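Notebook open, model loaded. I'm jotting down what I looked up, one topic at a time.

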Amino acid sequence: MTVTDSQQDLEEIVMRLLRKALQSDELTVTDNLVEHGLDSLVATRFIADLRKELGISIPLVEIFEVDNAQEFTESLRELLAEQAATA
């Protein structure tokens with residue numbers, strides 16, 4: 001799958017993969033990820049799944065620099081835009 005320009009599609013992918021990694025179907029885009037169990041092992045699984053799904057490499061630290069999935073999606077979009085601009 002290739003990265004899409006649609007914020008909604010990217011957010012849906014991020015949420016699906018985060019819910020899987022955190023084993024929480026109730027996670028919302030504004031829920032605090034650490035409070036829902038995000039730790040280095042969960043984050044590693046999530047980043048690996050994101051890499052498989054989107055074909056992109058994101059530094060693990062990126063997930064810990066935000067509080068929730070909405071902020072992560074925004075950060076991810078910025079990162080992807082930077083990568084596209086330098087490609």
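Which residues of α4 are buried? I took buried as under 20% relative accessible area, exposed as over 50% and partly exposed as in between, with a 1.4 Å probe and protein chains only. On that basis I get Ala-69, Phe-72, Thr-73, Ser-75, Leu-76, Leu-79 and Leu-80 for α4. Looking down the helix axis, I see these buried residues fall within an arc of 165 degrees, so they line one face of α4. The arc is taken from the directions between the helix axis and the C-beta atoms. A reminder to myself: an α-helix has 3.6 residues a turn, so residues three or four places apart point the same way.

Ground rules before I go on. This is a predicted model, where local features need pLDDT of at least 70 and side-chain atom pairs count only at pLDDT 80 or more, while totals for chains, interfaces and linings use all residues. Residues are numbered from 1 along each chain as its sequence is written, and side-chain values use heavy atoms, with hydrogens and water left out.

More on α4. Helices are DSSP runs of H or I with at least four residues, strands are E runs of at least two, and both are numbered from the N terminus. α4 covers residues 69–86, which is 18 residues. From first C-alpha to last, α4 reaches 26 Å, close to the expected 26 Å; the expected span is 1.5 Å times one less than the number of residues. On the face turned away from the buried side I found the exposed residues Glu-78, Glu-82 and Ala-85. At the start of α4, a side-chain oxygen of Asn-68 comes to within 3.1 Å of the backbone nitrogen of Gln-70.

Next, aromatics. I paired rings of Phe, Tyr and Trp (its six-membered ring) with centres within 6.5 Å, calling planes under 30 degrees apart stacked, over 60 edge-to-face and the rest tilted. That rule gives one aromatic pair. The rings of Phe-46 and Phe-72 have centres 5.4 Å apart and planes at 70 degrees, so I logged the pair as edge-to-face. Phe-46 sits in α2 (residues 40–54) and Phe-72 in α4, so the pair ties together parts 26 residues apart in sequence. Phe-46 is buried at 0% relative accessibility, and Phe-72 is buried at 1%.

I also checked Asp-49, which is in α2. Asp-49 is buried, with a relative accessible area of 15%. Beyond four places in sequence, Asp-49 is in contact (heavy atoms within 4.5 Å) with Leu-17 and Lys-20.

Last, confidence. pLDDT is the predictor's confidence in each residue, from 0 to 100. The protein averages 90, and 91% of the residues score at least 70. I noted that residues 1–5 stay under 50. Where pLDDT is low, the predicted coordinates should not be read in detail.

Definitions and conventions
A polar contact is a pair of N or O atoms within 3.5 Å; within protein, one must be able to donate a hydrogen and the other to accept it, and residues adjacent in sequence count only if both atoms are side-chain atoms.
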